[in-house]
Amino acid sequence: MQEDLLRRMRNYSPRPLETDGRFPEAAVLVPITRSDEPELVLTLRASGLSTHGGEVAFPGGRRDPEDPDLVHTALREAEEEIGLPPGLVEVVGTLSPLVSLHGILVTPYVALVPDYVEYRPNDGEIASVFSVPLAFFCESPREATHRIDHQGRSQYVPCYRYGPYKIWGLTAMMVVELVNLLFDAGIETQRQPASFIELD
């Protein structure tokens with residue numbers, strides 16, 4: 001699995017995003033555990049945060065002026081938010097950049113991490129850290145479909161329920177791109193599904 005993952009990520013060309021450079025930059029880390037049954041590491045953001053409070057997200061945040069590049073941003077934020085040491089992280093590629101509802105240009109960096117890490121959530125930012133088997137998403141067990149109007153196009157993005165966690169929005173868009181790339185899952189987001197239920 002890991003060799004195939006590395007091959008697919010290295011051969012992947014993310015969709016370019018045409019911008020005029022006016023968006024502030026941010027980066028997230030998309031950690032995948034090194035195991036026979038790989039899992040995605042996700043966070044539940046603290047409910048008191050001013051943006052995306054109480055939502056599921058990958059560790060990450062805005063680029064600081066002193067960050068030499070966005071990879072550094074993703075690694076720094078992952079260490080600050082969940083205590084993931086950069087030395088344990090192997091960044092293997094990027095997914096397509098996205099613009100958030102708050103006008104932030106977000107670049108996702110896919111990385112391999114050990115499956116034995118003891119995460120230490122930053123209480124001020126992160127309520128919990130949890131893992132979801134990648135195989136869970138391949139079956140597209142969507143609870144509903146969320147229409148997201150992004151860059152002048154409508155996308156129909158699955159909303160997943162994993163235990164108490166709701167995975168939707170930009171995070172779900174990243175997950176769909178990842179599992180389509182790694183597993184040829186064929187999850188369609190360009191056309192409205194027959195079972196479309198629009199979320200508020």
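Mentor: Let us start with residue classes: Ala, Val, Leu, Ile, Met, Phe, Trp, Tyr, Cys and Pro count as nonpolar, Asp, Glu, Lys and Arg as charged, and the others, Gly among them, as polar. This is a predicted model, in which local features need pLDDT of at least 70 and side-chain atom pairs count only at pLDDT 80 or more, while totals for chains, interfaces and linings use all residues. Residues are numbered from 1 along each chain as its sequence is written, and side-chain values use heavy atoms, with hydrogens and water left out.

Trainee: OK, so how much space lies in the second largest pocket?

Mentor: About 200 Å³, where the volume is the space filled by probe spheres set on grid points joined across faces, edges and corners. A pocket here is an open set of points on a 1 Å grid over the protein atoms alone, where a 1.4 Å probe fits, with protein on both sides within 12 Å along at least five of seven lines, and lining residues have an atom within 4 Å of a point.

Trainee: And which residues are closest to its centre?

Mentor: Of the 14 lining residues, R15, Q155, E177, T189 and Q190 are the closest to the centre. By class, the lining has six nonpolar, five polar and three charged residues.

Trainee: Which element gives the most to that lining?

Mentor: Helix α4 does, with five residues, and β10 also supplies at least two. Helices (H or I, at least four residues) and strands (E, at least two) are DSSP runs numbered from the N terminus.

Trainee: How many of the 15 residues of α4 are buried?

Mentor: Twelve are, so α4 is largely enclosed by the rest of the structure; the buried residues include E177, M173, M174 and L178. Buried means under 20% relative accessible area, exposed over 50%, and partly exposed in between (1.4 Å probe, protein chains only). Just after α4, D184 takes a positive phi of about 50°.

Trainee: Switching topic, how many aromatic pairs are there?

Mentor: A search of the whole structure finds five. In one of them, the ring centres of F136 and Y162 are 5.1 Å apart and the planes lie at 75°, so this pair is edge-to-face. Rings of Phe, Tyr and Trp (its six-membered ring) pair if their centres lie within 6.5 Å, with planes under 30 degrees apart counted as stacked, over 60 as edge-to-face and the rest as tilted.

Trainee: Which parts does the pair tie together?

Mentor: F136 lies in helix α3 and Y162 in strand β10, so the pair ties together parts that are 26 residues apart in sequence. F136 is buried at 18% relative accessible area, whereas Y162, at 26%, counts as partly exposed. Ring pairs also link F136, F137, Y160 and Y162 into a cluster.
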